[in-house]
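Me: I have a model open and would like to learn how to read its features one by one. Could you walk me through it?

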Amino acid sequence: LEANREGLRRQITRLMPSMDGRHDPIVVDNRDWLSPMTMLDLLREVGVHFKVNEMLRRDSVRTRLESESGMTFAEFTYSLLQARDFEHLHQQFNCELQIGGSDQWGNIVSGIDLMKRCGTGEGFGLVWPLLLIGLLGLRVRAAVVAAVLVSAIAAIAVHRAILWDDG
């Protein structure tokens with residue numbers, strides 16, 4: 001895990017080098033805020049803000065459900081974890097923009113919705129086709145998501161998240 005985190009940090013540093021020589025990427029691990037949560041905590045704090053019928057209407061979910069391989073419960077509920085990630089990054093680092101591959105759109109929207117429904121702030125999402133991200137040299141998997149901290153210096157995170165600190 002540490003090798004993966006360091007590899008992600010190096011990739012992002014090459015794509016988004018420090019603008020002033022003082023703001024190097026900071027790597028944070030979502031296990032720090034998700035591990036203490038029990039399943040009951042997740043359902044009580046996050047799950048109550050989502051309607052199953054809304055989640056089922058998402059193209060990504062519908063496509064997976066109609067596919068031969070289907071969708072596991074873990075995959076279906078993953079958007080709740082990612083929503084919590086975005087909300088946490090917003091609260092702790094003022095992260096306002098989450099960037100990812102087009103396959104992450106539904107998960108990104110979940111984070112935006114969670115912030116809106118909890119009244120913790122406003123978030124934005126930006127996605128690119130996976131092919132474009134691959135051309136930029138990033139290794140993209142379903143679990144990789146990027147988020148950008150909008151401040152005097154742009155900040156970027158990659159799921160177990162790499163962030164630029166503006167102070």
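Me: What ground rules apply here?

Reply: This is a predicted model, where local features need pLDDT of at least 70 and side-chain atom pairs count only at pLDDT 80 or more, while totals for chains, interfaces and linings use all residues. Residues are numbered from 1 along each chain as its sequence is written, and side-chain values use heavy atoms, with hydrogens and water left out.

Me: How many residues does the largest nonpolar core have, and which have the most contacts inside it?

Reply: A nonpolar core is a set of buried Ala, Val, Leu, Ile, Met, Phe, Trp, Tyr and Cys residues joined through side-chain atoms within 4.5 Å. Buried means under 20% relative accessible area, exposed over 50%, and partly exposed in between (1.4 Å probe, protein chains only). Here the largest core has 19 residues, and Val-46 and Phe-50 have the most contacts inside it. Helices α2 (31-34), α6 and α7 (105-118) each supply at least two of its residues, with the largest share, five residues, coming from α6. Helices (H or I, at least four residues) and strands (E, at least two) are DSSP runs, numbered from the N terminus.

Me: What does Val-46 contact beyond its sequence neighbours?

Reply: Contact means heavy atoms within 4.5 Å. Leaving aside neighbours within four places in sequence, Val-46 is in contact with Asp-41, Leu-80, Arg-84 and Leu-114.

Me: And what sits over the ring of Phe-50?

Reply: A charge sits over a ring if NZ of Lys or CZ of Arg is within 6 Å of the ring centre and within 35 degrees of the ring normal. In this model the charged end of Arg-117 does so, 5.4 Å from the centre of the Phe-50 ring.

Me: How many salt bridges does a search of the whole structure find?

Reply: Side chains of opposite charge can pair when their charged atoms come close. The cut-off for a salt bridge is a side-chain nitrogen of Lys or Arg within 4 Å of a carboxyl oxygen of Asp or Glu. The search finds seven. One of them joins Asp-41 and Arg-44 at 2.6 Å, N to O; these two are three residues apart in helix α3 (residues 39-45), so about one helical turn separates them. Asp-41 is buried at 17%, whereas Arg-44 is exposed at 52%.

Me: Which helices does the pair of Arg-64 and Glu-75 tie together?

Reply: Their closest N and O atoms are 3.0 Å apart. Arg-64 lies in α5 and Glu-75 in α6, so the pair ties together parts that are 11 residues apart in sequence.

Me: Is Glu-87 buried or exposed?

Reply: Glu-87, in helix α6, is buried, with a relative accessible area of 7%. Glu-87 forms a salt bridge with Arg-84, with closest N and O atoms 3.2 Å apart, and Arg-84 is buried too. A polar contact of 3.3 Å also joins the side chains of Glu-87 and Thr-120 (a pair of N or O atoms within 3.5 Å; within protein, one must be able to donate a hydrogen and the other to accept it, and residues adjacent in sequence count only if both atoms are side-chain atoms).

Me: What is the phi of Asn-94?

Reply: Most residues other than glycine have a negative phi. Asn-94 has a positive phi of about 60° although it is not a glycine. Asn-94 lies in the loop between α6 (73-93) and β2 (95-101).
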